[in-house]
Amino acid sequence: MTLDLWLAVGVLVPLVSFVFLSLFGARMPGHAPAGHGHDDHGHDDHGHDTHGHHADSGHDAGHHSHFPPKERRPAGGNPRAGYIATAAIALSCVISIGVLLRWVGMDAAERVRYAAQIAAENSYHWATLGSLVLRAGVQMDSLTVVMFFMVTFVSTWIHVFSIGYMREDPRYARFFTYLSLFCFSMLGLVVSNSLLFLFIFWELVGLCSYFLIGFWFEKKSASNAAIKAFVTNRVGDFGFIIGLAMVVFFLGDVSLAGAAAKFRELAADPSAALFTQSLWGLNLATWMGIGLFCGAVGKSAQFPLHVWLPDAMEGPTPVSALIHAATMVAAGVYLVARVFPLLTPQAQIVIATIGCITLAMTALIAIVQTDIKKVLAYSTLSQLGYMIFGMGVGAWVGALFHLLTHAFFKALLFLGSGQVIAGCHHEQDMTRMGGLRSRMPKTCWTFFLAVLCIAGAGIPWAGIGLGGYYSKDEILVVAYHRTYLWDAPLHHDESHAALDRSAAHAAPPEHGHDTNVPRMSAAAGHDHPGHGSLAAMFPRVPKLPKWMFWVPIIIAYVTPFYMMRCWLLTFGGKPRDQHIHDHAHESPIMWVPLVVLAAGSVLCASIPWISLRNLVFDAAYSGGHAEVIGSKVTTLAPAINGEALHDAHTRLGLIVGFAFVVGMGLAWAIYRNGLGLAHSILKSSRVLRAAHTALFNRLYIDDAYDTLLVGGTILIARIGGFFDRLFIDGLVNLTAALTRVFATFTGRQLDMPVRTGDIGFVDAVANGIARTVQVMGDTARRPQSGRLRMYILTLAGAAALILLSVAFSAQWTQWLESLGGPAKAQVSVPMRLRS
């Protein structure tokens with residue numbers, strides 16, 4: 001079976017787990033896993049009292065306060081539902097390891113042939129919409145292989161951690177059902193070879209995020225956070241849809257390879273509308289790239305759509321580790337990497353600017369947070385900002401390498417915080433902790449190792465360091481070169497490394513003119529100023545402004561400061577709440593994943609025979625992938641191979657090589673004995689107090705959104721309501737009133753009277769006719785009495801009248817003749833008839 005089919009199986013295994021748990025998870029028999037349950041007296045199995053020390057409603061595990069003690073017992077399916085979900089993702093991890101080992105065992109030429117064969121033979125026709133052909137398949141390259149491994153490996157150990165962390169939750173099976181659906185969605189996103197299928201799995205990932213953030217929906221804060229995350233991501237996805245629509249309209253192909261090839265073709269066409277037509281000073285190609293990037297702004301929580309991620313910490317801690325640190329939020333960076341061939345230099349500048357703002361702003365906010373998960377949330381935002389910044393400056397390899405190393409140590413940090421929260425009876429406020437080093441030694445030192453990784457600990461110029469040191473260093477090296485050495489000639493070995501390992505074109509033009517796309521060659525740049533420089537090779541790519549380099553440099557000192565502060569307030573110093581300290585404890589099922597992830601954090605950048613960095617480099621620079629990602633290096637990446645820029649490495653080592661020592665040392669000096677010195681420093685300066693207040697309130701961005709967006713929406717709704725009541729309802733009510741008046745008139749005056757004084761014309765006419773007929777009938781009926789004597793008397797009377805008329809007929813005739821001629825004529829007729 002080919003590797004792409006193995007990866008497809010790895011994607012489907014969590015889907016099978018999801019379907020099975022959806023149908024049977026809640027009905028499976030089982031008992032709570034031993035080692036950390038609660039007995040009926042409110043004591044855990046360590047003998048610790050658990051009453052009265054739960055977190056407030058804003059804390060991660062405050063869900064316990066929503067269930068009576070009996071309801072806190074494990075629900076049906078516990079713990080077998082967790083075992084099934086964990087076994088499913090572990091099987092996917094085993095498959096990914098097998099694929100990774102086989103892929104690493106191939107040489108570069110064999111990988112090229114293998115990927116080409118899979119693209120040709122294992123791409124399945126799905127649908128045809130007009131001229132648009134939709135095909136489904138696996139994007140088989142080094143990036144897919146290494147991302148698949150990272151997602152499954154980290155997810156497996158987070159599942160193991162969750163078995164212990166969620167053991168008391170009454171919706172235990174549902175939690176693992178959601179996790180399985182998320183893993184299926186994330187893995188589907190990773191392997192998609194089409195922007196359309198990538199978008200479909202993208203939306204599924206967002207749906208899973210909504211389910212898991214609001215998992216404890218009894219808490220209003222959790223349900224609000226889920227809605228906030230869902231709505232905020234829809235804003236970014238709206239831009240993604242616009243960008244995807246432009247890809248369909250202008251490129252006519254949604255496959256990653258086809259869209260990149262068509263984009264390069266149009267870039268060389270002087271009449272292509274995509275490059276000749278502009279809107280607000282930017283051509284349509286730039287707007288298309290920005291639209292696609294909007295999806296990453298939402299999913300990776302970049303400014304200004306970063307506000308949902310800190311609130312997402314309302315979800316369970318394993319959710320924070322899996323979705324909001326290691327995998328889902330990294331999907332935005334992965335998207336930018338995949339659409340990199342469709343980005344123009346101006347679009348890249350926009351991306352770099354957004355990343356730079358995000359990494360700086362969120363790192364500063366992290367300095368003043370007291371909730372351990374909020375510190376890690378803002379740290380995640382800052383590191384994602386580094387990755388997006390790296391993509392924007394052209395450090396494609398460095399950004400993705402940082403994504404991989406960050407997944408290991410940030411998952412470790414979040415799981416470590418989860419162990420602390422669970423061990424301290426769901427307390428998240430670091431100001432109440434301290435001195436936990438002796439109570440949680442394994443958690444303490446694995447957490448500290450992760451702090452060293454994110455701080456970029458290493459020895460400059462010696463090539464010795466942890467994962468974060470290598471990946472972040474490469475991003476900053478590229479930024480330094482883009483800022484200060486862009487016009488400088490490359491040394492022979494630098495130029496050789498850049499030229500020999502790339503088959504890419506130069507950047508697509510920002511406008512329709514000068515669209516000849518020169519091939520990189522040994523002679524590139526000879527006709528331009530700065531012989532042999534990157535500026536000569538890529539004349540349309542601008543230098544970076546200096547502030548865009550120095551801001552990340554400053555934050556490189558801030559990151560170790562706030563992370564060391566977090567570690568010291570949690571594990572260092574003396575206990576600030578003796579009760580929490582005395583009852584803190586570790587659980588084996590929860591600290592074993594910490595040890596594994598700690599090893600992964602160290603080894604992910606230093607395994608010589610499976611180097612994650614080399615695999616990412618292979619995805620960017622393998623000549624066999626030129627058809628797919630050649631333009632990925634079009635704009636910037638071919639020459640900006642961080643390892644080849646020796647001058648930049650040397651100079652950067654002097655600037656930021658020991659930033660971790662300075663940042664962590666300053667934090668140790670201030671917080672080694674607790675918060676006393678920090679409070680004294682704040683009291684001594686009004687400016688610091690104002691800055692602290694602003695940062696603690698998240699620079700009032702959330703307040704501004706609440707006021708302008710939420711408040712503005714409410715104001716518009718109220719204005720609309722007033723207009724509706726005054727005009728729409730007024731018109732409707734007026735029409736109703738007139739109709740009522742007309743109906744009353746026609747009903748009561750013309751038809752049927754209801755009250756005294758009503759005419760009721762129709763009823764009056766009908767009733768009058770009826771009464772007349774009745775009177776006539778009564779009159780005609782009266783003689784018909786049925787009595788014989790009445791009939792005889794009537795006949796006698798009639799006969800008498802006839803006799804009298806005959807007897808006096810002559811007199812009557814004379815009298816009538818005396819009255820006039822006409823009467824005579826009229827009377828004479830009956831007389832003649834009678835004679």
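Keep in mind that the model is predicted. Mean pLDDT for the protein chain is 81. Of its residues, 83% reach 70 or more. Two stretches need care. Over residues 32–77, pLDDT is below 50. That stretch still has 117 contacts in the model beyond near neighbours in sequence. The other stretch is residues 827–835, where pLDDT stays under 50. Here the model has three contacts beyond four places in sequence. Where pLDDT is low, the predicted coordinates should not be read in detail.

Now the overall build. The protein chain has 34 helices and six strands. It runs to 835 residues, and 53% of them count as buried. Take the contacts between residues at least 6 apart in sequence: 80% of them join residues at least 24 apart. Accessible surface comes to about 35,100 Å². Carbon and sulfur atoms account for 67% of that surface.

On to the helix pair. Helix α6 covers residues 195–213, and helix α7 covers residues 220–251. Their axes lie 9 Å apart, at an angle of about 170°. Over 145 degrees counts as roughly antiparallel, so that is how α6 and α7 are placed to each other.

Which residues of α6 and α7 make the contact? From α6, they include L195, L198, F199, W202 and Y210. From α7, they include A222, F230, R234, D237, F240 and L244. By type, the contact of α6 with α7 has 16 nonpolar residues, one polar and three charged. E203 of α6 is one of the charged residues.

Technical notes. Residues numbered from 1 in each chain as written. Predicted model: local features only at pLDDT ≥ 70, side-chain atom pairs only at ≥ 80, totals over all residues. Heavy atoms only, no water. pLDDT = per-residue confidence, 0-100. Contact = heavy atoms within 4.5 Å. Axes fitted to C-alpha atoms, helices over the stretch in contact; angles between N-to-C directions. Helix = DSSP H or I, 4+ residues; strand = E, 2+ residues; numbered from the N terminus. Parallel < 35°, antiparallel > 145°, perpendicular 65-115°, else oblique. Buried < 20%, exposed > 50% of the residue type's maximum accessible area, 1.4 Å probe, protein only. Areas by Shrake-Rupley, 256 points an atom, 1.4 Å probe, with all protein chains shown as cover.
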